[in-house]
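This report describes the fold of one protein chain. Please read the text alongside the coordinates.

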Amino acid sequence: MNSIFFLIHKNPHMASASLAKFSEMLRYQLYECNDKQILLEKEIGYLHNFIELEKLRQDEDVTVHCDMQPPAHPWLIAPFILMTFVENAFKHVSRHANHPNHIDIRLHTADDQLHFAVSNSSGGGLSGQVLHYGGIGLRNVKRRLDLLYPDQYELNITQTPDRFDVSLTMQLEAAVTTSTVNYLHHA
């Protein structure tokens, strides 16, 4: 909200577009995420809006690359299961003045598998604390994956002194479409 507030005077057009994204995010959180699973396409839309708003808060020293391919089929996913990884990347990205800082987010589907990867440059000492001592968000998302997708996912989290990487592959469930319902009804 603060970023949008400051944009109102600096760039009203961008502020208006950002406010629309923020409004879409709130609508998604309030009305569309009450089900156990939602369309992956909607989750990707939410992530895109979040990333665009977060980019407003970043210094020019941080490069954000996002490649999230829209799914070819109507797959279902638990709401916000991917969000923690994206939030952490923005929260813990390095802020070095003398070398590149980056966040890289990739998502695509192949057959009935989701492939999701998030990588960010890190500042050294803090990332170790995130993985080993803190990281309550990472523990919670791991617990959710265990409960919602038992034996249907692979999560790898790695860190080096200058980088933090998350890779998630998980089984997706197809959404029941109107044509499927009609076929089942007439069978």
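**Basis.** The model is predicted: local features need pLDDT of at least 70, side-chain atom pairs count only at pLDDT 80 or more, and totals for chains, interfaces and linings use all residues. Residue numbers start from 1 along each chain as its sequence is written, and side-chain values use heavy atoms, with hydrogens and water left out.

**Chain.** The chain holds 7 helices and 8 strands. Helices (H or I, at least four residues) and strands (E, at least two) are DSSP runs, numbered from the N terminus. Of the 187 residues, 38% count as buried; that term stands for under 20% relative accessible area, with exposed over 50% and partly exposed in between, for a 1.4 Å probe and protein chains only. The accessible surface comes to about 11,300 Å², and carbon and sulfur atoms account for 54% of it. Areas come from the Shrake-Rupley method with a 1.4 Å probe, and for residues only the protein chains shown count as cover. Among contacts between residues at least 6 apart in sequence, 71% join residues at least 24 apart, where contact means heavy atoms within 4.5 Å.

**Strand pairings.** Two strands are taken to pair if DSSP finds at least two bridges between them.

| Strand | Partner | Bridges |
|---|---|---|
| E4 (residues 101–110) | E5 | 8 bridges |
| E5 | E7 (residues 163–171) | 9 bridges |
| E6 (residues 153–160) | E7 | 8 bridges |
| E3 (residues 75–77) | E8 | 2 bridges |

On the E7 side, Ala117 is bridged to Ser167, and Ser121 has Arg163 as its partner. E7 is also joined to E6 by a hairpin through 2 residues, and Tyr153 stands opposite Met170 in E7. In a regular strand the side chains alternate between the two faces of the sheet.

A further sheet is open and has 3 strands in the order E1-E3-E8, with antiparallel pairing. Its edge strands are E1 (38–39) and E8 (173–174), each of which pairs on one side only. Within this sheet, Trp75 stands opposite Ala174 in E8.

**Helix H3.** This helix runs over residues 40–57, and its 18 residues should span 26 Å at 1.5 Å a residue; the end C-alpha atoms are 26 Å apart, so the two values agree. The expected span is 1.5 Å times one less than the number of residues. Buried residues of H3 include Leu40, Ile44, Tyr46, Leu47, Phe50, Ile51 and Leu53. Glu43, Asn49 and Glu54 are also buried.

**Asn120.** Leaving aside neighbours within four places in sequence, its contacts are Ala89, His92, Val93, His102, Ile103, Asp162, Arg163 and Phe164. Asn88 is 32 residues away from Asn120 in sequence, while their C-alpha atoms are 9.0 Å apart in space.
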